[in-house]
Amino acid sequence: LSFIQCGSFSKWHAFQSRSSASSSPVCTAELTRSAALWALAIAALWLLRGQFRPERTGDPTTIRSDIVQGLRFLLSRPTLRTMAAMVGVANLASSATGAVLVLYAVGDDSELDLTQAQFGLLLLTSAAGSIAVTTVNERIERRLGRSRTLTLAVYGMVAFIVTPAVTTNVWLIGVTFFLGGALLSGFGFKTMSTQRCSRSVA
């Protein structure tokens, strides 16, 4: 994804300056930022204290056998299999959208005509929605039920990706990003709980 973003930022930067000479520093900065964030994440994980390895009660196994067992478990349950496919497609679509969104949103000649700071605020609406839903997530599920909540989350994912393609209204896109972030976060909670329920039943 960093390489895709690097290409997007380079094209935007070159388009803004009418010169490709400035694209290389943008690529370098983007890749350096991503590498630094990964290094910070690894350092944070390394500093965690505690025993996080699950205890095994049966005979010793290999990584290959664990992967095969997990795939069999997934493929034998239609609900989890469908949800896994949906999550994979949704991640691919959202990553592709995020990688090229800067070309569409930032700059005087862009469709949304946003500055870099305004673009950052627009992206923050999604994070705000993800945080806001944590306070009401359980109440929404109790009121609508798990199936309807998951269906609503799928509509939110579609709106999150499609809205920037059909309108240039920044306020509408911001509201959709907020709701989409909330629904995507809720979808993640529901898929994890469904997975745990399936394991407990098994």
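Predicted model: local features only at pLDDT ≥ 70, side-chain atom pairs only at ≥ 80, totals over all residues.
Of the 202 residues in the chain, 27% count as buried. Among contacts in the chain with a separation of 6 or more, 67% are accounted for by residues 24 or more positions apart.

**Packing of α4 with α7**

- Helix α4, which covers residues 78-105, and helix α7, which covers residues 146-166, have axes that come within 9 Å and cross at roughly 25°. Because angles under 35 degrees count as roughly parallel, α4 is described as roughly parallel to α7.
- The crossing that α4 makes with α7 is left-handed.
- On the α4 side, the residues that meet α7 are Met-83, Met-86, Ala-90, Ala-93, Ser-94, Thr-97, Leu-101 and Tyr-104, while on the α7 side the partners are Leu-150, Val-154, Met-157, Ile-161 and Pro-164. Sorted by class, this contact of α4 with α7 has eleven nonpolar residues, two polar residues and no charged residues.

**Thr-97 in α4**

- Thr-97 has its place in helix α4 and is one of the residues in that helix that meet α7.
- With a relative accessible area of 19%, Thr-97 is classed as buried, because the class of buried residues takes in values under 20%.
- The side chain of Thr-97 reaches the backbone oxygen of Ala-93 at 2.8 Å, and Ala-93 is itself among the α4 residues that meet α7.

**Ala-153 in α7**

- Ala-153 lies in helix α7 and is buried, its relative accessible area being 3%.
- Between Ala-153 and Leu-179 the separation in sequence is 26 residues, and their C-alpha atoms are 9.4 Å apart in space.

**Ala-132 in α5**

- Ala-132 lies in helix α5, which covers residues 116-132.
- The relative accessibility of Ala-132 is 32%, and this residue therefore counts as partly exposed, since that class lies between the 20% limit for buried residues and the 50% limit for exposed ones.
- Ala-132 and Ala-182 are 50 residues apart in sequence, whereas the distance in space from C-alpha to C-alpha is 6.9 Å.

Key
Residues numbered from 1 in each chain as written. Heavy atoms only, no water. Axes fitted to C-alpha atoms, helices over the stretch in contact; angles between N-to-C directions. Helix = DSSP H or I, 4+ residues; strand = E, 2+ residues; numbered from the N terminus. Parallel < 35°, antiparallel > 145°, perpendicular 65-115°, else oblique. Left-handed = near helix turned anticlockwise from the far one by under 90°. Contact = heavy atoms within 4.5 Å. Nonpolar A, V, L, I, M, F, W, Y, C, P; charged D, E, K, R; others polar. Buried < 20%, exposed > 50% of the residue type's maximum accessible area, 1.4 Å probe, protein only. Polar contact = N/O pair within 3.5 Å; in protein donor to acceptor, adjacent residues only side chain to side chain.
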